[in-house]
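Let's take a walk through the charged pairs in this one. Have a look at the model first, then read on.

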Amino acid sequence: MGQGGEPRRAQAYDGELGAAVARAQDGDETAFAVAYRIVQPGLLGYLRGIVGDDAEDVASDAWLEIARDLGRFKGDGAGFRGWTATIARHRALDHLRRLRVRPRAAALEHEVAMDLPGPHTTHDQALESLSTARALELVRGLPRDQAEAVLLRVVVGLDGPAAARVLGKRPGAVRTAAHRGLKRLARQLGVTDANGDGVTDDGPRTLGDAT
């Protein structure tokens, strides 16, 4: 895991993303395409966890709004990921209200891998499984608050406070949801710690630990 609990891959692109967004705000269409390329995989993976097979349509609606309101955005690359995730979530909830169905978890794209460095902890092993074919079964079994917390932290790459802003919740609530979701995934995977025990609440290193 990278500094602050963010996935290493998301961190690596934050500088490039921030620069691309700044150029895009000055009218550089190529720079906007760069920002799209960096953000879209995680955004689409997150939306698949909420609206399933309708994720691409919802993402298209979100990007129309992102492009329209780009001039209003203020912040860096990490801030842009949070801003776009908020817009995407609003569009997803609007979509679900129209369909009058409850949010459902779906498979994450295989391309959205965790790319976590070793040595692996219990939670790292659970998270890596989200990038496999078992994702559909695992994520679908999580309560919605837990699924969204894990998706925002792992797939979109947001830190704890940013994920809390997207969800409109306190950071502590998001930390708890992420931890519980990871514990449940670890139990389903039969992952144990170095002592042969299951995941415990004693100081775990979860995605939600960042502040």
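This is a predicted model: local features need pLDDT of at least 70, side-chain atom pairs count only at pLDDT 80 or more; totals for chains, interfaces and linings use all residues.

Residues are numbered from 1 along each chain as its sequence is written, and side-chain values use heavy atoms, with hydrogens and water left out.

The structure holds eleven salt bridges, each being a side-chain nitrogen of Lys or Arg within 4 Å of a carboxyl oxygen of Asp or Glu. One of them joins Arg 91 and Glu 65, at 2.3 Å from N to O. Since Arg 91 sits in helix H4 (residues 77-99) and Glu 65 in helix H3 (residues 55-68), this pair ties together parts that are 26 residues apart in sequence. Helices here are DSSP runs (H or I, at least four residues), numbered from the N terminus.

Now for accessibility, with a 1.4 Å probe and protein chains only: buried means under 20% relative accessible area, exposed over 50%, and partly exposed in between. Glu 65 comes out buried at 18%, while Arg 91 is partly exposed at 22%. Both also belong to a salt-bridge network with Asp 94 and Arg 97.

Arg 89 meets Glu 148 in a salt bridge of 2.9 Å, N to O. Glu 148 lies in helix H7 (residues 144-156) and Arg 89 in helix H4, so the pair links distant parts of the chain, 59 residues apart. Both Glu 148 and Arg 89 are buried.

Finally, Arg 68 pairs with Asp 69, their closest N and O atoms 3.0 Å apart. Arg 68 is exposed at 60%, whereas Asp 69 is buried at 9%.

Notes: Helices (H or I, at least four residues) and strands (E, at least two) are DSSP runs, numbered from the N terminus.
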